[in-house]
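Here are my notes on the model, as numbered points. Please read them with the structure open.

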Amino acid sequence: MAKNSFQGKDGPSTRQLRVGELIRRTMSQLLQRGEVHDPDLQRMSITVGEVRMTPDLSIATCFVLPLGGKDADLAIAALARNKGELRHLISKDVKLKVTPDLRFRIDDMYDRMDATRAMFAEDRVAKDVAAPDSDEDA
């Protein structure tokens with residue numbers, strides 16, 4: 001099988017999804033238990049919404065959001081500052097050949113969901129959704 005056979009074709013492979021979910025759960029537990037010794041991180045409750053892995057499993061992009069969405073930039077900076085300690089703690093729990101490099105991004109999924117709901121609530125969009133397709137009648 002080719003080295004990059006899953007890249008850009010059908011989305012992430014099963015292995016990418018499985019490893020990403022394992023890292024997401026582990027990171028959530030580490031942050032919840034306060035195992036990272038940083039006062040900024042211990043003051044915040046951070047949700048790890050998703051972890052996306054590169055095809056070679058060398059980079060894990062973690063989408064995180066502090067509770068309430070406040071101080072998101074502070075949370076990203078604190079996580080980036082403690083990237084080495086987080087990697088070390090993850091490597092103890094997750095048995096991988098190489099522990100991936102961690103990158104942190106703000107999780108904007110909830111904002112996108114709100115925008116989608118607002119779009120479907122608009123009158124013109126509701127009319128289009130409710131109107132029967134002319135192709136189905138023919």
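1. The side chains of D101 and K83 meet in a salt bridge, 3.6 Å from N to O; the term stands for a side-chain nitrogen of Lys or Arg within 4 Å of a carboxyl oxygen of Asp or Glu. D101 belongs to strand β3 and K83 to helix α4, so the pair ties together parts 18 residues apart in sequence. D101 is partly exposed at 22% relative accessibility, and K83 is partly exposed at 29%. Buried means under 20% relative accessible area, exposed over 50%, and partly exposed in between (1.4 Å probe, protein chains only).

2. This is a predicted model: local features need pLDDT of at least 70, side-chain atom pairs count only at pLDDT 80 or more, and totals for chains, interfaces and linings use all residues. Residues are numbered from 1 along each chain as its sequence is written, and side-chain values use heavy atoms, with hydrogens and water left out.

3. The mean pLDDT (the predictor's confidence in each residue, from 0 to 100) is 83 for the protein chain, and 84% of the residues score at least 70. Over residues 1–6 the pLDDT is below 50, and this stretch has three contacts in the model beyond near neighbours in sequence; contact means heavy atoms within 4.5 Å. Where pLDDT is low, the predicted coordinates should not be read in detail.

4. The chain has seven helices and three strands. These are DSSP runs numbered from the N terminus: helices are H or I of at least four residues, strands E of at least two.

5. In helix α4 (residues 83–93), L86, L89 and I90 are buried. Seen down the axis of α4, its buried residues fall within an arc of 100°, so they line one face of the helix; the arc is that of the directions from the helix axis to the C-beta atoms. G84 and K92, on the other side of α4, are exposed. The cover over the buried residues of α4 includes α1 (14–33), α3 (72–81) and β3.

6. A second salt bridge to check is D40 with R81, whose closest N and O atoms are 2.9 Å apart. This pair links distant parts of the chain, with D40 in helix α2 (residues 39–43) and R81 in helix α3, 41 residues apart. D40 counts as buried at 18% relative accessibility, whereas R81 is partly exposed at 49%. D38, D40, R43 and R81 are linked in a network of salt bridges.
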